Amino acid sequence: MILMTNQYKIAIVIVAAGSSTRTQSSTKKEYLRYKKGTVLSSVVNSFLDCCIPYISNFIITIPKNDYENAKKAVYRDEETVLLAYKMKTEQDVSLDFVEGGETRQSSVFNALDKIYKSGCNPDIVLIHDGARPFVSKQIIQNVIESIHITGAVAPGIIPTDTQKQIEENGIIVNHLTRNTLRAIQTPQGFLFEKLYEAHKKAKADNIEYTDDTEIWGKYVGDVKVVEGDVKNIKITYPKDLEFLEVK
């Protein structure tokens, strides 16, 4: 367990409501076998293992009518069962499943709304992709420790390839400097109440954003980027499935 430098009440949101069509797998990518359980159970374990004393809510967003499959995927690993029991006995917090929406943004909003209505009043919320099973405790720690700077944090890595901006016709219009660019990962951390209010504004404006940092940037302010990890990939395409076999 990592020692937190700030005694935050932390809400965890694991986003796993997508369809996984790009992996071309017959099994939803978060439910694929990994280690002693699944991709999803590995993600859950990473956050439980380092955050239990501080967790106020633990939400997993899932597809509509998929509760049984999600539950089996999470509890397939005995370690998850033990850690979830520890969280329940020590913090009186249970793993909670919430149906997502048609988009990632709507799924996150459903989770934030559930947390708000629970009355637990967390200080911060960590939002992580359910298909990112290689997240390290150090990245989680880096995000939590830096939230006090701007209220919003995301891990990022410098792109390995040279980046160019192009027009619709494929012509390069700008040569970008790699050292000023970051490929953004998760978990992303935010002051809970401000992010919830920002999501409500985005919903009212009927605008879809790429991720929660963009919503924060639009309605709240700056986002701090901390060092990510090249190993912290998201299982997205068929080639990514190889990582589940070699880890």
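Reply: Ask about the labels one at a time, and each answer will set a value against its definition.

Me: What kind of model is this, and how are residues numbered?

Reply: This is a predicted model, where local features need pLDDT of at least 70, side-chain atom pairs count only at pLDDT 80 or more, and totals for chains, interfaces and linings use all residues. Residues are numbered from 1 along each chain as its sequence is written, and side-chain values use heavy atoms, with hydrogens and water left out.

Me: How many helices and strands does the chain have?

Reply: There are eight helices and twelve strands. A helix is a DSSP run of H or I with at least four residues, and a strand is a run of E with at least two; numbering starts at the N terminus.

Me: What makes the radius of gyration agree with a compact globule?

Reply: The rule is 2.2 Å times the number of residues to the power 0.38, taken over C-alpha atoms. For 247 residues it gives a value near 18 Å, and the chain has 18 Å, so the two agree. The C-alpha atoms fill a box of roughly 55 × 40 × 35 Å along the principal axes.

Me: Why is C50 called buried?

Reply: Buried means under 20% relative accessible area, exposed means over 50%, and partly exposed is in between (1.4 Å probe, protein chains only). C50 has 0%, so the label is buried. This residue lies in helix α1, residues 39-51. C51 is also at 0%, and therefore buried. Across the chain, buried residues make up 49% of the 247.

Me: Is E214 buried, exposed or partly exposed?

Reply: E214 has 34% relative accessibility, so it counts as partly exposed. It sits in helix α7, residues 212-219.

Me: How do you know that C51 is in no disulfide?

Reply: A disulfide is a pair of cysteine sulfur atoms within 2.5 Å. The search of the whole structure finds zero disulfides. For C51, the nearest cysteine sulfur belongs to C50 and is 3.5 Å away.

Me: Where is D92, and what is its phi?

Reply: D92 is in the loop between α3 (78-91) and β5 (95-99). Its phi is positive too, about 55°, and D92 is not a glycine. With 58% relative accessible area, D92 is exposed.

Me: Which two residues does a cis peptide bond join?

Reply: Most peptide bonds are trans. A cis bond joins T186 and P187, with omega about 15°. P187 is in the loop between β10 (183-184) and β11 (188-191).

Me: What share of the contacts joins residues at least 24 apart?

Reply: Contact means heavy atoms within 4.5 Å. Among contacts between residues at least 6 apart in sequence, 76% join residues at least 24 apart.
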